[in-house]
Structures are given as C-alpha cells and as structure tokens.
Amino acid sequence: MPLIAVASPKGGVGKTTLAANLAVSLQRLGRQVTAVDFDSQNALRFHLLPDGPATLGIARCVAIGRSWRETLQVGESGVRVAPYGDSTAAERLHMKEALLEQPLAELLSELLDSDDDILIADTAPGEGRLQARLEGLADINLVVLLADAGSMSLVPGFRDGLLLTPAHAGAPETLAILNQVDPRRRLSRDISEFIAGHHGGRFVGAVHYDEALAEAAAHGKTVVEAAPESLAARDIRDIASRLEARLRVSQEA
Ligand SMILES: Nc1ncnc2c1ncn2[C@@H]1O[C@H](COP(=O)(O)OP(=O)(O)OP(=O)(O)O)[C@@H](O)[C@H]1O
Ligand SMILES: [Mg+2]
C-alpha cells in the first residue's frame, strides 16, 4: 500500500493544495490515486470534487461503524477521494480517539482496489497522535515548508528526520517540499538555496509562489488541470515524477 502522508508542523503552508495537485499529477502518470482527508476542515474535496450536497466522510463512518469505502467519490481527474466529510463536534472527537485504537492500515486498505494504488493523506497541521500513526504507516512522509524564517528554524530537526515515531527499520522516508518560493525576493531565494543545500537527498523540490494555485482552487480545480503551463503546475509535476520513482523503488525493495 504505497502511502504518502502530507504533513507540516505549521498551518496554512499549502498541504491541502499540494496534496490535491500531487494526487492529480500522480494519477496522470498512470497510477490510480486515492486521496484521503484526515483534516476536519474537510478542504481537500474542494480541490478534487465538484460541489455537491453534504457528504458522508471518514469521520462519520468511524462514528457509525461503516466502511471508508462508502465515502469514495471520483473527481474529473480520475482521483478517488475519501473526504473527511460533514461531522458534528462529537464525531470529530470520537474520530480522534477511535483511530488510535482501530487498525488504521486495514481501514486505509479498504479504500484500494489494488496494492499498486497510491494513497495520499492530507493531515491537519501540527504533531498529533494520528499524524504519528499515519507517519508510521507511510512510505513517504512529505513535509511542507515555506521559504521563510520559520522554516529555517526547523532545519536541525529536519536533518534528524522530523519523525514523530522513533527511528526503526523500514521507517518512512521523510522528504521536504519548499512551497511558495518567490525568486524575486532575496530572502526567499537565500532560504531556498540554504534548505536545498542542507537537506540534500531529503529535498524533493520547490514550488513557486503562484497565484494560479489559488485561482484554480477558487474554481474547485487543481492548477495542474486549470493552468498546466503555470510555474506551479510544472514544479508540482516534477515533484510528482520524483515521488512516483521513489515509490516504485520502495515497492520493488
Ligand atoms: N505555491 C503557492 N503559491 C501561492 N499560493 C499558495 C501556494 N500554495 C498554497 N497557496 C495558498 O495558501 C493558502 C493555504 O493553502 P492550504 O489550505 O493548501 O494550506 P494548508 O497547509 O493545507 O492549511 P491548513 O494547515 O489550514 O490545513 C491557500 O489560499 C492556497 O491557495
Ligand atoms: Mg489543509
């Protein structure tokens, strides 16, 4: 079960936007992708699914004991989406607690038709126990950083892996994406070069600051669909190719 968990210690850095765009890019590379939303903001669906009525999502399924497979919807891109869904405060609390007890790998595998399908999980910001469990299952733990001073302060931790789970054999590969890079701004340029230089093999690429991303999202689309020639779409496609190659290597191992 090739699983990419998209995470970051900070909020608002572009996790959901990148998870959606990477999902579509990986799908276009010929892989079946299923995107799962673990964030109660329930935002992933707005990038990948047409506007629709209230949806059954994974949170309510946990509360009422239904399979996550029942939540699956297919977007125009072909990406299958398991939304977090509409939820009450009680369901959100229950979800957090129940997922710590339940066999998460089994719940996720219910979403797949084949062992080759790629799962991409969008997570809430910060370092919770659910993030740690997802990280423990992931093949790639993708950390989104911004080209700002805050991300610089994460560099020492990142060098140690930024892992929530203790290092163990078969631990996920932790890779960083630098988002919202603006080469016209010196600070952004310098920080990007520093982070790329210091993370070496763990740095999987940078995505330009590009308003096309927000414009696409406003129309319920990803930038790789709405503006495929934009800078951000090119960056994201390159990163998706690198991730796909790494997943193939880890599957063959
Ligand atoms: N490369 C980019 N260029 C310009 N705007 C971007 C870029 N990436 C993300 N954004 C914008 O940044 C905002 C936050 O993005 P997003 O919601 O994906 O972040 P997030 O990390 O998922 O947030 P949260 O922590 O709340 O889940 C959105 O308005 C999005 O359009
Ligand atoms: Mg988000």
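1. A definition to start with: a residue is partly exposed when its relative accessible area lies between the 20% under which it is buried and the 50% over which it is exposed. Gln-180, at 31%, is therefore partly exposed. Please keep in mind that this is a predicted model.

2. Gln-180 sits in strand β7 (residues 173–181). Its backbone deserves a look too: phi is positive, about 60°, although Gln-180 is not a glycine.

3. Asn-42 is another non-glycine residue with a positive phi, near 60°. Asn-42 belongs to the loop between β2 (33–37) and α2 (44–48). Is Asn-42 buried or exposed? With 8% relative accessibility, Asn-42 counts as buried.

4. Turning to strand β1 (residues 3–7), you will find 5 of its 5 residues buried. Leu-3, Ala-5 and Ala-7 point one way, while Ile-4 and Val-6 point the other way. In a regular strand, side chains alternate between the two faces of the sheet.

5. Which strands does β1 pair with? One is β5 (residues 118–122), in the parallel sense over 4 bridges, with Asp-122 as the bridge partner of Val-6. Strand β6 (residues 140–146) also runs parallel to β1, joined by 4 bridges, and here Ala-5 stands opposite Asn-141.

6. The largest nonpolar core has 39 residues, and Ile-4, Leu-22, Leu-142 and Leu-243 have the most contacts inside it. Leaving aside neighbours within four places in sequence, Leu-142 touches residues including Ile-4, Val-6, Leu-22, Ile-177 and Leu-243. A second, separate core of 24 residues includes Trp-68, Ala-98, Leu-107 and Leu-119.

Note on methods
Residues are numbered from 1 along each chain as its sequence is written. Chains are lettered from A and ligands numbered from 1 in the order in which they are written. This is a predicted model: local features need pLDDT of at least 70, side-chain atom pairs count only at pLDDT 80 or more; totals for chains, interfaces and linings use all residues. Side-chain values use heavy atoms; hydrogens and water are left out. Buried means under 20% relative accessible area, exposed over 50%, partly exposed in between (1.4 Å probe, protein chains only). Helices (H or I, at least four residues) and strands (E, at least two) are DSSP runs, numbered from the N terminus. Two strands pair if DSSP finds at least two bridges between them. A nonpolar core is a set of buried Ala, Val, Leu, Ile, Met, Phe, Trp, Tyr and Cys residues joined through side-chain atoms within 4.5 Å. Contact means heavy atoms within 4.5 Å.
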